Amino acid sequence: MDHDQIRLIVGIIGNAIALYLFLSPTPTFLKIVKLKSVQAFKPDTYLATLMNCSMWLFYGLPIVHPHSLLVVTINSAGILITLTFCSIFFIYSSWACRVRIFFNSLTFYRAGIWCKY
């Protein structure tokens, strides 16, 4: 095996582990949908995951870093999964919590944009 094949195999294994990590909150969100309430759950970790995936997706773009298909694919999946979780959280939260989610997401993205430049 050469260096590129080993890199590809390790990358695929890493993507499988990351996909499992992105899907790990699924039981929590099934509970939220079943009870139709977010209870005491906080959205901060999901917003942070969304920002993290967004920044890694930007890094993996061919314009920024060529030959990063594995980075782009797993972070695109992470964004879709996390957006689904955030949407569920937003739908089943109270109005006050929705406003807090909105302002927290603005804060996270402002901080992310500041860190990029």
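In which hand does H2 pass H4? Keep in mind that this is a predicted model, then select helix H2 (residues 26-35) and helix H4 (residues 69-91). Look at where they cross: H2 goes past H4 in a left-handed crossing. Their axes sit 10 Å apart, and the packing angle is about 30 degrees. Angles under 35 degrees count as roughly parallel, so that's what H2 and H4 are to each other.

Now show side chains at the contact. From H2, pick Thr 26, Phe 29, Ile 32 and Val 33; across from them, in H4, are Phe 85, Ile 88 and Phe 89. By class, this contact of H2 with H4 has six nonpolar residues, one polar and no charged.

Next stop, the largest pocket, with about 240 Å³ of space. To bring up its lining, select Arg 7, Leu 8, Gly 11, Tyr 59, His 65, His 67, Ser 68, Leu 69, Leu 70 and Val 71. Helix H1 (3-23) and H4 are the elements that give two or more residues here. Colour the lining by class and you get five nonpolar, four polar and one charged.

Last, head for the second largest pocket, at about 200 Å³. Its lining runs to 14 residues; centre your view on Leu 21, Phe 22, Pro 25, Thr 49 and Thr 82, which lie nearest the middle of the pocket. H1, helix H3 (44-60) and H4 each give two or more residues to this lining, and H3 has the largest share, with five. Colouring by class again gives eight nonpolar, six polar and no charged.

Methods:
Residues are numbered from 1 along each chain as its sequence is written. This is a predicted model: local features need pLDDT of at least 70, side-chain atom pairs count only at pLDDT 80 or more; totals for chains, interfaces and linings use all residues. Side-chain values use heavy atoms; hydrogens and water are left out. Axes are lines fitted to C-alpha atoms, for helices over the stretch in contact, and angles run from 0 to 180 degrees between N-to-C directions. Helices (H or I, at least four residues) and strands (E, at least two) are DSSP runs, numbered from the N terminus. Angles under 35 degrees count as roughly parallel, over 145 as roughly antiparallel, 65 to 115 as roughly perpendicular and the rest as oblique. A crossing is left-handed if the near helix is turned anticlockwise from the far one by less than a right angle, and right-handed if clockwise. Contact means heavy atoms within 4.5 Å. Ala, Val, Leu, Ile, Met, Phe, Trp, Tyr, Cys and Pro count as nonpolar, Asp, Glu, Lys and Arg as charged, and the others, Gly among them, as polar. On a 1 Å grid over the protein atoms alone, a cavity is a set of points where a 1.4 Å probe fits but cannot get out, and a pocket is an open set with protein on both sides within 12 Å along at least five of seven lines; lining residues have an atom within 4 Å of a point. Grid points are joined across faces, edges and corners, and a volume is the space filled by probe spheres set on the points.
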